[in-house]
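Hi,

Here is the structure I promised to pass on. Have a look at it first, and my notes on what turned up follow below.

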Amino acid sequence: MSGNAIIEAADFAATKHVNQRRMNAEQAPYINHCIGVCRVLTAEGNVDDTDTLVAALLHDTVEDTDTTFEEIEARFGPTVRKLVSEVTDDKTLEKKERKRLQIEKAPFASDQAKRIKMADKIYNLRDIVKSPPLGWSEQRIKEYMEWAQKVTNGCRGVNDKLEAILDGIYADFHSKHP
Ligand SMILES: Nc1nc2c(ncn2[C@@H]2O[C@H](COP(=O)(O)OP(=O)(O)O)[C@@H](OP(=O)(O)OP(=O)(O)O)[C@H]2O)c(=O)[nH]1
């Protein structure tokens with residue numbers, strides 16, 4: 001690959017998500033989430049493994065755009081392809097089943113994929129506390145928190161810093177919503 005892999009991935013993700021927005025009131029550009037997840041890994045999880053950071057930037061490209069795994073492998077190699085596939089939901093399944101599979105599969109993911117999953121949930125949970133998706137009730141927020149906690153419980157043992165951040169988010173939420 002020519003150039004720096006992380007910048008290549010940021011550019012690739014920005015192009016793929018160009019017309020997508022987050023669901024919150026600000027309707028932030030979707031790429032903010034991809035870059036934010038990568039930053040949680042570097043700045044808060046002390047992760048410096050390039051494949052992990054590249055896969056974090058690309059983590060929603062196959063799930064949410066026309067990107068294929070073959071395209072990812074051709075541009076970023078087989079390890080990044082594998083990591084992205086580990087954090088990609090099968091959109092042909094019902095939402096309930098996709099959510100159940102995230103909980104079931106998390107303990108069997110690679111350590112790199114577990115770190116991406118934790119950073120993804122940290123970003124989403126912070127977003128939900130700060131500015132929830134439009135139309136989400138208190139009950140939906142609570143259900144998301146409880147589901148995310150089950151997913152990230154399956155990712156434990158690979159990064160103490162990310163785990164501590166998640167523990168803080170859950171403790172804070174549960175103390176305010178007993
Ligand atoms: N908190 C938050 N989430 C948003 C926002 N915009 C889009 N999302 C995405 O919405 C998902 C949560 O909504 P749900 O109703 O539970 O799930 P769904 O998108 O699969 O229907 C999150 O996916 P996820 O399954 O947790 O993770 P992933 O799909 O990113 O892997 C997150 O990526 C936003 O503004 N705030």
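One convention before the notes: Ala, Val, Leu, Ile, Met, Phe, Trp, Tyr, Cys and Pro count as nonpolar, Asp, Glu, Lys and Arg as charged, and the others, Gly among them, as polar.

Keep in mind that this is a predicted model. The protein chain has an average pLDDT of 97, and 99% of the residues score at least 70. For the model as a whole, ipTM is 0.90 and pTM is 0.96.

Now the ligand. Around the ligand sit Arg 22, Met 23, Asn 24, Asp 60, Lys 95, Asp 120, Asn 124, Asp 127, Ile 128, Pro 133 and Tyr 144. Sorted by class, that shell comes out as five charged, four nonpolar and two polar residues. Which helix gives the most to it? That would be α8 (residues 111-130), with four residues.

α8 also packs against another helix, α2 (residues 31-44), with the axes 9 Å apart and at an angle of about 120 degrees. Angles of 65 to 115 degrees would count as roughly perpendicular and those over 145 as roughly antiparallel, so α2 and α8 are oblique to each other. The crossing of α2 past α8 is right-handed. On the α2 side, the contact is made by His 33, Gly 36, Val 37, Val 40 and Leu 41, and on the α8 side by Arg 115, Ala 119, Asp 120, Ile 122 and Tyr 123. By class, the residues of this contact are six nonpolar, two polar and two charged.

Cheers

Notes: Residues numbered from 1 in each chain as written. Predicted model: local features only at pLDDT ≥ 70, side-chain atom pairs only at ≥ 80, totals over all residues. Near = placed C-beta within 6 Å. Helix = DSSP H or I, 4+ residues; strand = E, 2+ residues; numbered from the N terminus. Axes fitted to C-alpha atoms, helices over the stretch in contact; angles between N-to-C directions. Parallel < 35°, antiparallel > 145°, perpendicular 65-115°, else oblique. Left-handed = near helix turned anticlockwise from the far one by under 90°. Contact = placed C-beta atoms within 7 Å. pLDDT = per-residue confidence, 0-100.
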